[in-house]
Structure formats: C-alpha cells, structure tokens
Amino acid sequence: MRLASISVDLDSLPHYCRIHGLPESLLDARARTLVHAVAVPRFRELLDALGVPGTFFAIGEDLEADPGAAAGMRASHEAGIEVASHSHAHDYALTRRGLAAIREDLARADAAILAATGARPVGFRAPGYTLNADLYAATAELGYRYGSSAFPAAPYYAAKAAVMGALALLGRPSRSVLDTPRVLLAPRVPYRPDPARPYQRGTGPVLELPMAVTPAVRFPFIGTFATTLPLPTLRGAWRACRKDAFFNFELHGVDVLDASDGIPPELVRQQRDLRVSASRKMERLREVFGWLKAECDVVTLRDAASRLSATL
C-alpha cells in the first residue's frame, strides 16, 4: 500500500502579517495564540475521528512564549502525533543568515520542542519552504532524519512572485522571500539531496520529502487549495497523484480557522481563505483525509522517512 502523511505548519498569525506587509499591532493577545489554542484542537479532532496520525511543525519561540502552546504540543506528542521543527523564529530569510546563525536557530527550536514534549524533533520544514546548502548542512549537523521543505509547484511560485511584487508597489513590502527558480526543477518525489545543491538528487544524509504536487504542471495539493477549490478540480489533482508511492499533504493552522475566530478584518481581506467558514473547511478536510485513509497507509513523516530510507 502507498504511504501518505498529513502535516500541519503551525505558523501563528504574526507571520501572516509579515507576509502581507501588515503591522503586527493589529493582533491582540488572543489572536496571537489562535493557531495553538483553536486550530490545533480542530486538527486533533479531524485526525482522531479517522484514527490516523499526523505531524505538527512547531515554531520554537511560540512554545517558549505560550505555555498553552507548549502544553498542547506535549498532549499531541503523547497522543501519537509527531512534533517536528519549523525553526525557532520562523525567519523567512533564514537561508540568508549564514551557517552559524542557521545552526543556532535550529538548535534553539530543538531545545524548545524537547522542553515541551520530552522528545527531540527528527524532522524539519523551512520557513517559506526555502532551502539552500547552508540550511541543509545545518539539518545534517543536527542529526535530522528528514526534511520536508521542497515545494516544486510552478503555480504557487508564480502567484507568490506576483503578490510580493504587488505589495512592493503598494509600499507595503512582504517579509517573505522568493526562493530560487531552481526549486521548480526539484524532484517531486522523495529523494536524497546533493548537499551543495539540495534541489538536486545526490547522496546527502537527510532525506527530503517534498510537498505533494501533480505530475507535469506541478499543481500544488496543499491545505489552502484543498479547502477552497471546487471538489471536481481537487479530485482531479488527487487522481493525478495516485501513482506516487508517497503523498505528502501539507496544511497550515489557518486552514481550519475563519474570520469568526477573532482574526482582524485587515488580515482576513488579505488572506482570502479565511473568508471560508471553518466548518466548511473541516468538512472538506474530513473528505480528503478519508481519501488518503482509503487508499494509503497514513503515517507520520518520521515513519514515512524511516520506511522510504531503505529504498533511497
């Protein structure tokens, strides 16, 4: 049976303000903790209902600043959900900081996750999906078993470039970073990277598990699209990926939030998927998770990496 994994990036709302060039002062204390306080329990509900595991990518500084977030990750870990690293500060420009600074950031994230869960993370996903040689080297030095940062999705890349350009023209530049176009040629299936060129195949020690994209046009199959696209379009994308030995379904905390959860209207206007009701999004995700369970062995990314490593 094919393998599939469901992972959730727990980016808190301040990071969305940074993406859209909005002041973080828009967010009150409750809004800053919504992802851990509201989205994490909703994802736990979805996973529990189908009896499948998941992987949460936690940001270290969020666990340090919010005791509730740390407690939620400990409870998730104890329930069988893998807690992996999404860096310490979720710095979109992390790849530009140099090896020493990157290593320090990742080590701080490891320490925060270890303190919260009692277990050191073995997997890493880069902020903004951006990977380079220094970041790959840091993951290898810290002993990660796998990374899941490559996102070779041409439509996503083009849309991101367009949005960043428009915000710059508006005088509200995004703090996000546009990756090198080389990512568009990265393998769309699990591979061992070349440490010097991690978007190419090589013999690197840290296995890379790219996010799911369709063959040929490389349309992304991620939470934002799964919760907002017409169902026939989504089914078509799923059918296109059915021959893959591994399906890596990546989501974000906001994929189960909506405007009624207390998100500032300025951010809702920019993050259009927040206009879709959380109940409708959860209904769609129940269906998609059901597709995965019916046709795949759904495992954590950690377990997927262990099983795929033998063949790569």
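Start with the lining of the largest pocket, which by class has 17 nonpolar, 11 polar and 6 charged residues (Ala, Val, Leu, Ile, Met, Phe, Trp, Tyr, Cys and Pro count as nonpolar, Asp, Glu, Lys and Arg as charged, and the others, Gly among them, as polar). A pocket here is an open set of points on a 1 Å grid over the protein atoms alone where a 1.4 Å probe fits, with protein on both sides within 12 Å along at least five of seven lines; lining residues have an atom within 4 Å of a point. This is a predicted model, in which local features need pLDDT of at least 70 and side-chain atom pairs count only at pLDDT 80 or more, while totals for chains, interfaces and linings use all residues. Residues are numbered from 1 along each chain as its sequence is written, and side-chain values use heavy atoms, without hydrogens and water.

Select Ile19, His20, Tyr156, Thr224 and Gln271: of the 34 lining residues, these lie nearest the centre of the largest pocket. Its volume is about 880 Å³, taken as the space filled by probe spheres set on the points, which are joined across faces, edges and corners. Next, colour H1 (13-19), H8 (154-169), H9 (223-226) and H11 (265-270), helices that each supply at least two residues of this lining. H8 gives the most, with 7 residues. Helices (H or I, at least four residues) and strands (E, at least two) are DSSP runs, numbered from the N terminus.

Move to the second largest pocket, with a volume of about 240 Å³. Leu131, Asp179, Thr180, Arg182 and Tyr199 are the closest to its centre among the 17 residues that line it. Strand S7 (residues 197-201) gives the most to this lining, with 4 residues.

Stay on S7 and pick Arg201, which lies in this strand. Arg201 is exposed, with a relative accessible area of 51% (exposed means over 50%, buried under 20%, partly exposed in between, with a 1.4 Å probe and protein chains only). Show its contacts (heavy atoms within 4.5 Å): leaving aside neighbours within four places in sequence, they are Pro187, Val189, Pro190, Tyr191, Arg192, Pro193 and Asp194.

Finish at helix H5 (residues 67-78). Ala69, Ala70, Met73 and Ser76 are buried in H5. They lie on the same side of H5, because they cover an arc of only 125° around the axis, as given by the directions from the helix axis to the C-beta atoms. Pro67 and Glu78, on the other side of H5, are exposed.
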